[in-house]
Amino acid sequence: MAKARVGYTRRSMLKAGGAAIAATALPAPMVWAQDIKDVTLRQFGTGVSNLNDVAQKVKEDLGFTLEMTALDSDSVTQRAATQPDSFDIADIEYWICKKVWPTGNLQAMDVSKIANYDKIVGIFKDGKLTPDSEIAQGTAPHTVGFIPEPGATEFADEQTNWMTLIPTIYNADTLGIRPDLIGRPINNWSELLNPEFKGKASILDISSIGIMDMAMVCESMGEITYGDKGNMTREEIDATFAIFTEAKQNGQFRAFWKTFDESVNLMASGEVVIQSMWSPAITAVKSRGIPCVYQPLEEGYRSWGGGIGLSNALSGIELDAAYEYINWYLSGWVGGYLMRQGYYSAVPETSKEYMSENEWGYWFEGKEATDVITSPTGDALAQAGEVRDGGSFEERMGRVACWNAVMDENQYMVRKWNEFIAA
């Protein structure tokens, strides 16, 4: 009896038919299902994408076991940098890669083994969504996405055959609001410090991300014009914290959240009406039947991107299985799942195969829903006639003002952040 082959080819290729198989250059080596069925790979990352449904689908489609651990961003950074023996796969953000790559804990990945490499959006290759796009401030993914050769600890200035992370997920972040409790339009980042919302505002307690939200607010207020929000001088850092410390001491903030669930509960309870937020947290609040909007703002979005990195210790059949997993990840099912939460897939084209025309139109094209829009778990998020906050993929990702970043003055910034939280 012939062995069953597995991988990214299974469903997408069956759907596309034999011609597609003939026309698609598949990376080698392909591995056999029974060769990897006893493999267990340990993956960690944030709760954004370390999802049990994904691990279950990996077992079903590829046959091996994926053990997932979800941590907050700071814990992810620490583990990737200091505990190389504790993982096989690091599901991390690009700003974290800037901290982790120089440790040597991750291995360079051969792009020739990535089936859908050519379909990965330009943001991760040359930094541009379209040929006319301006590259935003901060740690843009493409600036830490490639190295010149295996073993290099410095990043390459252009695309090479070696990637640090294989991109998977990204989004344009903004402020979440409770429109029913605010009762008027919110158009600017500066509203986070509006005394009108005293005691009902919140910002996330993850320094590398929170400082970027702060910068968007301070620039919106007209208080500071940064040379580069993603790489502030000490003077800019001091000025930023002075503004937010004064607001904190005046009672502006109800709380500082570290986890997804904290942000959801603050918003759903009505304790907070405006705050730093992530797209699936908005989704979670709306799924409870509570009005919540991911508000497009005049100054644009703070963006982030994530990808899969492989432990430097990974080799042999485990490494083959990891490449099989990456190719499966970009083949569409996961992308469709994540897009239903409001994220974007690094290969939108394959995700489309796993979404209805209504879902694709709503989430990606910014079109009015033609029927109810549901979350991956089936909760209603939008009704027919509604459009996505911020519009289409091009409208949202085309208005990125800065990327989450690691600054040259990172240690100084973190010290000032801790002083701010303790103030």
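## A strand pair and its sheet

Start with isoleucine 203: across from it, in E10, stands phenylalanine 256. This is a predicted model, and here it shows strand E9 (residues 201-204) running parallel to E10, with four bridges joining the two. In general, the strands of a sheet pair through backbone hydrogen bonds, in either a parallel or an antiparallel way.

Zoom out and you'll find an open sheet of five strands, ordered E10-E9-E11-E8-E12, with mixed pairing. At its edges sit strand E10 (253-257) and strand E12 (293-295), each of which pairs on one side only. On average, neighbouring strands of this sheet are turned by 25 degrees against each other, direction ignored.

## Helix H12 and aspartate 320

Next up is helix H12, which covers residues 316-329 and includes aspartate 320.

H12 is mostly covered, with ten of its 14 residues buried. Among those buried residues are Leu319, Ala321, Tyr325 and Trp328. What about aspartate 320? Its relative accessibility is 22%, so aspartate 320 counts as partly exposed, given that buried means under 20%.

## Asparagine 410 in H17

Finally, have a look at helix H17 (residues 410-422), where you'll find asparagine 410. Is asparagine 410 buried or exposed? Asparagine 410 is buried, because its relative accessible area is 13%. Leaving aside residues up to four places away in sequence, asparagine 410 touches Lys99 and Ser208.

Definitions and conventions: Residues are numbered from 1 along each chain as its sequence is written. This is a predicted model: local features need pLDDT of at least 70, side-chain atom pairs count only at pLDDT 80 or more; totals for chains, interfaces and linings use all residues. Side-chain values use heavy atoms; hydrogens and water are left out. Buried means under 20% relative accessible area, exposed over 50%, partly exposed in between (1.4 Å probe, protein chains only). Contact means heavy atoms within 4.5 Å. Two strands pair if DSSP finds at least two bridges between them. Axes are lines fitted to C-alpha atoms, for helices over the stretch in contact, and angles run from 0 to 180 degrees between N-to-C directions.
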